[in-house]
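These are my notebook entries on a structure that I looked through feature by feature. The sequence and the model come before the entries.

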Amino acid sequence: MLNLVLFGPPGAGKGTQADFLIKKFHLTHLSTGELLRNQIAERTELGKKAELYMDKGFLVPDSLVIEMLKNELLEHKEVTGYVFDGFPRTVEQAKALDEVLSKNGTEIAGMLLLSVEKDELIKRLLARAKTSGRPDDQGTEIIENRIHEYDEKTRPIKDYYAAQNKFHRIRGMGSVEEIAERLIETVSAL
Ligand code: AMP
């Protein structure tokens, strides 16, 4: 299996780049943000809880997200690998992911950080807000919360993967195709 963590602040282009990676390497896209938005649309208990955090730009508690991820992995036993997009977002989640993958005899091959300057992130998110329909893209305050959550809780995961020699930084500026090329080059060398 080839399991990749696609990592970066909100607006870094994780969703867009995940599409390139899944096509190129025949992987399955697993976005916890998408899964949570589906839960909200279906008005499940999990969705109702998650919405309270998501709409304000805060992370959903680890216990809820980890449980959801484990269930999702159980449902797709036949896949050749995953692009994890938006997961893990805390060190606790990174540890849980390692644990569940190792139980299945596999592991993360690499963690790919898309690095983008803050001004550019806010610009991209405000532009996306016009078409995404996502409540958490609406308004500078919510976006600032999301970036703050990233800086406080998510960014430290970099050290967790660096300690395992799995950390790769990719410049997330430039055209979508240029960034995809850089990613593909890095993944091909893993
Ligand atoms: P995303 O689509 O990845 O930008 O995620 C949208 C929102 O869903 C985030 O701002 C969080 O509120 C929530 N979310 C998604 N993935 C996670 C996660 N792994 N841990 C906690 N919250 C998450």
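I note at the outset that the model is predicted.

**Entry 1: backbone features**

I looked up Arg 43 and placed it in the loop between α2 (32-41) and α3. Its phi is positive, about 55 degrees, although Arg 43 is not a glycine. I recorded a relative accessible area of 45% for Arg 43, so this residue is partly exposed.

I then turned to Asn 165, in the loop between α8 (157-162) and β5 (167-171). Asn 165 is again a residue other than glycine with a positive phi, near 65 degrees. Because its relative accessibility is 71%, Asn 165 counts as exposed.

I also looked for the residues joined by a cis peptide bond. They are Phe 87 and Pro 88, and omega is about -5 degrees. I located Pro 88 in the loop between β3 (82-85) and α5 (91-103).

**Entry 2: the ligand and its surroundings**

How many residues surround the ligand? I found 16, and the closest are Thr 32, Phe 58, Gly 86, Arg 89 and Gln 93.

Thr 32 places a polar side-chain atom 2.8 Å from a ligand nitrogen. For Arg 89, a polar side-chain atom lies 2.9 Å from a nitrogen atom of the ligand. Val 60 contributes through its backbone, with an N or O atom 3.0 Å from a ligand nitrogen. Taken alone, the ligand exposes 480 Å², of which the protein buries 95%.

I found Phe 58 in the loop between α3 (45-54) and α4 (62-75). Together with Leu 52 and Tyr 53, Phe 58 makes a nonpolar surface patch of about 290 Å². Its relative accessibility is 37%, so Phe 58 counts as partly exposed.

**Entry 3: salt bridges**

I noted 13 salt bridges in the structure and examined several of them.

Glu 120 and Arg 124 form one, with their closest N and O atoms 2.9 Å apart. Both are in helix α6 (residues 118-132), and because they are four residues apart, about one helical turn separates them. Arg 124 is partly exposed, at 23% relative accessible area.

Lys 153 and Glu 149 form another, with the closest N and O atoms 3.1 Å apart. What separates this pair in helix α7? Lys 153 and Glu 149 are four residues apart, so the separation is about one helical turn.

Asp 136 and Arg 146 meet in a salt bridge of 3.8 Å, N to O. This pair links distant parts of the chain, ten residues apart: Asp 136 is in the loop between α6 and α7 (140-154), and Arg 146 is in helix α7.

Finally, I traced a network of salt bridges that links Arg 128, Arg 134, Asp 136, Asp 137 and Arg 146.

Note on methods. Residues numbered from 1 in each chain as written. Predicted model: local features only at pLDDT ≥ 70, side-chain atom pairs only at ≥ 80, totals over all residues. Heavy atoms only, no water. Patch = residues over 30% accessible without salt bridge, like charges linked within 9 Å, V, L, I, M, F, W, Y side chains within 5 Å. Areas by Shrake-Rupley, 256 points an atom, 1.4 Å probe, with all protein chains shown as cover. Salt bridge = Lys/Arg side-chain N within 4 Å of Asp/Glu carboxyl O. Helix = DSSP H or I, 4+ residues; strand = E, 2+ residues; numbered from the N terminus. Buried < 20%, exposed > 50% of the residue type's maximum accessible area, 1.4 Å probe, protein only. Near = heavy atom within 4 Å. Polar contact = N/O pair within 3.5 Å; in protein donor to acceptor, adjacent residues only side chain to side chain.
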